[in-house]
Amino acid sequence: MSTFVLIPGSGGTAWYWHRVVPLLQAAGHEAVAVDLPGDDPGAGLPEYTNLVIEAIGGRENVVLVAASLGGFTAAPVAAKVPVGGLVFVNAMIPVPGETAGDWWGHTGAPEARVAAAEQGGYGTDFDLAVYFLHDVPPEVAAAGEPYQRPEADAVFGSRCDFESWPAVPIRAVAGADDRFFPAGFQRAQIRDRLGIEADVRPGGHLIALSQPEALTRYLLRH
């Protein structure tokens with residue numbers, strides 16, 4: 001049995017993983033979705049890191065799974081506690097000492113998003129429905145409205161406190177239909193920053209909501 005510790009992206013709501021958690025449990029594993037105080041102006045990466053470490057507790061055989069902004073929390077967590085594997089899901093991949101605020105300019109993510117929008121024929125101005133919810137079932141999107149919260153600025157100014165990635169299996173899945181972090185951009189980022197090839201799978205940026213069964217099967221292949 002493995003313990004999957006699931007880190008959400010911007011906003012920090014554990015609800016993001018609610019369609020994946022029961023599937024992992026049904027397969028005989030433990031799944032812990034961590035809720036992070038995304039809207040707390042006093043909480044940055046150190047606070048996020050401590051909360052995830054607390055959630056891990058004394059568990060062994062931990063697979064750390066990070067979505068989107070959660071990649072910046074996964075790195076310092078993996079530097080501080082033993083984990084058996086890392087999985088990034090449409091994630092921001094940091095380099096040591098980088099801030100999440102600087103990541104955008106360093107990687108060219110905004111330009112990649114706009115270029116993909118122009119090629120795909122949808123709006124270049126960010127819109128939640130266009131970029132995040134376009135492939136999420138309407139009833140799931142509606143159920144998630146009470147859980148939405150803005151991400152405060154603190155985390156974007158926090159430096160990612162790690163020196164190197166641990167010597168454990170690392171995988172990264174990129175949604176083929178991700179409009180926020182287009183798959184081509186993710187493949188280049190993952191190759192450059194992790195030295196591995198991305199696994200491109202169907203689904204948009206919120207792949208845990210739109211493709212929970214497929215994502216769970218991918219996670220179970222560790």
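## The largest pocket

How much space lies in the largest pocket? In this predicted model, the space in the largest pocket comes to about 640 Å³. The pocket is lined by 32 residues, and those nearest its centre are S10, G11, L128, F132 and L206.

## The nonpolar core

The largest nonpolar core is made up of 73 residues, and W17, V52, L64, V65, F88, L215 and L219 are the ones with the most contacts inside it. Strand 3, which covers residues 62–67, gives the most to this core, contributing six residues. If neighbours within four places in sequence are left aside, L219 is in contact with F4, V20, L24, V65, V87 and R171.

## Salt bridges

Side chains of opposite charge can pair when their charged atoms come close. Across the whole structure, five salt bridges are found. One of them joins D35 to R149, with the closest N and O atoms 3.0 Å apart. D35 lies in the loop between strand 2 and helix 2, and R149 in the loop between helix 7 and helix 8, so this pair ties together parts that are 114 residues apart in sequence.

R193 and E98 also form a salt bridge, at 2.6 Å from N to O. This pair links distant parts of the chain, since R193 sits in helix 9 and E98 in the loop between strand 4 and helix 4, 95 residues apart. Both R193 and E98 are buried, whereas D35 is partly exposed, with a relative accessible area of 42%, and R149 is partly exposed at 26%.

How values were computed: Residues numbered from 1 in each chain as written. Predicted model: local features only at pLDDT ≥ 70, side-chain atom pairs only at ≥ 80, totals over all residues. Heavy atoms only, no water. Core = buried A, V, L, I, M, F, W, Y, C linked by side-chain atoms within 4.5 Å. Buried < 20%, exposed > 50% of the residue type's maximum accessible area, 1.4 Å probe, protein only. Helix = DSSP H or I, 4+ residues; strand = E, 2+ residues; numbered from the N terminus. Contact = heavy atoms within 4.5 Å. 1 Å grid on protein atoms, 1.4 Å probe; cavity = no way out; pocket = protein on both sides within 12 Å on 5 of 7 lines; lining within 4 Å. Points joined across faces, edges and corners; volume = space filled by probe spheres on them. Salt bridge = Lys/Arg side-chain N within 4 Å of Asp/Glu carboxyl O.
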